[in-house]
Amino acid sequence: MDVQSSVKNQIHEWLKNNRDQGVHLLVELVKADSTQGNEKAAQKIVIETLHDLGLDVDVWEQGGEEFLNHPYFVSPRTEFKGSPNVVGIKKGTGGGRSLILNGHIDVVPAGDVEQWEHHPYSGKVVDGKLYGRGATDMKGGNVSLLLALAALQSLSIKLKGDVIFQSVIEEESGGSGTLSAILRGYKADAAIIPEPTNMKIFPKQQGSMWFRIHVKGRSAHGGTRYEGVSAIEKAMIVIKHLRKLEQIRNERISDPLYEKVPIPIPINVGTIEGGNWPSSVPDYVKLEGRFGVSPDETIDEAKSEMENWLLALKDVDPYFAEQPVSIEWFGARWVPGAIETDHDIMKDLIANYQKVIGEVPIVEAAPWGTDGGLLTKVGATPTVVFGPGVTEKAHHPNEYIEIEKVFEAAEIIAFTIIDWCGLDE
């Protein structure tokens, strides 16, 4: 048996013997409500874990003109006091490739607690599943990263390349934490993000951005509604027009990685607001939604197509020639990203998946955005997304993760770290 195989066997045994510690860490992280603005308690757990592992730890609160004025900065806030980013570094001995392990600590709100079988911040374990907000998206993935690092550190395994673990804020609102880490100088030869992929491997991630469309009508008394123009009825035409654009944009996608995704880049209208009196013809409607962006296009290209499509409404209904709709882009935005399916980090990840699981992994394109686009395009760090979480449970009540998957992912990632960074024998 060669040295590398022997080391991997040691990692397998270590993970098997340290399950209780890993589960306890995940329970404690899930118990720490880390919704936006409340990340400090969860990050404190991460900081203590990194110190215990003997890593070099960097903690900072993002800000500054370069950051706030950066073209890729997106956030509902500009003050981040009490919301730190955390990085832990395992320094290599030299001569190897570097690797970023990136996970977000922020979670979306729990919503209606009555819809949860177990309290959303209980970290309850039932039949091999750990329940709670953030368990699957993506504290379970973060714990996989920490377990991989813990195994390497506990076994005194030396690597040639650096490993940079990142626990960032604000992925759920556009990725400002990862952007801050990039601007702080954290870049690498590759990156892995353990978002909830159902153990599938995603070399491509769609992007997305939020839009707001303003539709004008003309008010009148409801008893003589024919004297007015209903903005609600015109908004229905706009929505139908958007459905046509969605169809056109998706028919262009022939990438086999999207073969099993029914709508690779959806256009979703999420809110409608209009009218102010039941007996009045509504003179204004506001539509807000999410616009999917292909990995093969830029944010600006996607914006231009949407804006030009809305201008073409005048050819659908002459009313829009005199009262064109207006659009603004606001709020969250996720940058699309992609690497080659035969990239070396993909090869290493696929080979180690087969070694641990005994099967060929499913390779697809992500149906949602991640911080991978920022790492790839802004940080010049080729990024693959692979994690243990349950895709269908992210943001849902009764969110859970299968504990076994957390440890399987940890083993696959630990093996990949060794192959990518190089073992110093």
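Me: How do β5 and β16 pair, and over how many bridges?
Reply: Strand β5 (residues 129–131) and β16 are antiparallel, with 3 bridges between them. Strands here are DSSP runs of E, at least two residues long, and helices are runs of H or I, at least four, numbered from the N terminus. Two strands pair if DSSP finds at least two bridges between them.

Me: Is this an experimental or a predicted model?
Reply: The model is predicted: local features need pLDDT of at least 70, side-chain atom pairs count only at pLDDT 80 or more, and totals for chains, interfaces and linings use all residues. Residues are numbered from 1 along each chain as its sequence is written, and side-chain values use heavy atoms, with hydrogens and water left out.

Me: Back to the pair. Which residue stands opposite Tyr131 in β16?
Reply: Tyr400 does.

Me: What is the strand order in that open sheet?
Reply: β4-β5-β16, with antiparallel pairing. β4 and β16 (400–402) have a single partner strand each, so one side of each has no neighbour in the sheet.

Me: Which helix lies across β4, β5 and β16?
Reply: Helix α2 (residues 19–31) does, at about 20° to β5. Angles run from 0 to 180 degrees between N-to-C directions, and axes are lines fitted to C-alpha atoms, for helices over the stretch in contact. Contact means heavy atoms within 4.5 Å.

Me: And which strands does α5 touch?
Reply: Helix α5 (residues 135–154) packs on the sheet and touches β5 and β16. Its direction makes about 40° with that of β16.

Me: Where is Lys124?
Reply: In the loop between β3 (99–104) and β4 (125–126).

Me: Why does Lys124 count as partly exposed?
Reply: Because its relative accessibility is 42%. Buried means under 20% relative accessible area, exposed over 50%, and partly exposed in between, using a 1.4 Å probe and protein chains only.

Me: What is Lys124 in contact with?
Reply: Leaving aside neighbours within four places in sequence, the contacts are His118, Lys129, Leu130 and Tyr131.

Me: New topic: β6. How many of its residues are buried?
Reply: 6 of its 6 residues, in strand β6 (residues 163–168). Val163, Phe165 and Ser167 point one way, while Ile164, Gln166 and Val168 point the other way. In a regular strand the side chains alternate between the two faces of the sheet.

Me: How does β6 pair with β2, parallel or antiparallel?
Reply: β2 (residues 85–90) and β6 run antiparallel, joined by 5 bridges. Gly88 has Phe165 as its bridge partner in β6.

Me: What about β3 and β6?
Reply: They pair in the parallel sense, over 6 bridges. Ile100 stands opposite Ile164 in β6.

Me: Now the 4 strands of the other open sheet. What order?
Reply: β10-β11-β9-β12, with antiparallel pairing. The edge strands are β10 (267–274) and β12 (326–334). Neighbouring strands are turned by 20° against each other on average, direction ignored.

Me: What does helix α7 touch there?
Reply: Helix α7 (residues 231–251) touches β9, β10 and β11, and its direction makes about 10° with that of β11. Helix α8 (residues 299–311) also packs on the sheet, touching β9, β11 and β12.

Me: Last one: where do α10 and α12 cross, roughly at what angle?
Reply: The axes of α10 (residues 344–357) and α12 (residues 403–421) come within 9 Å and cross at roughly 135°.
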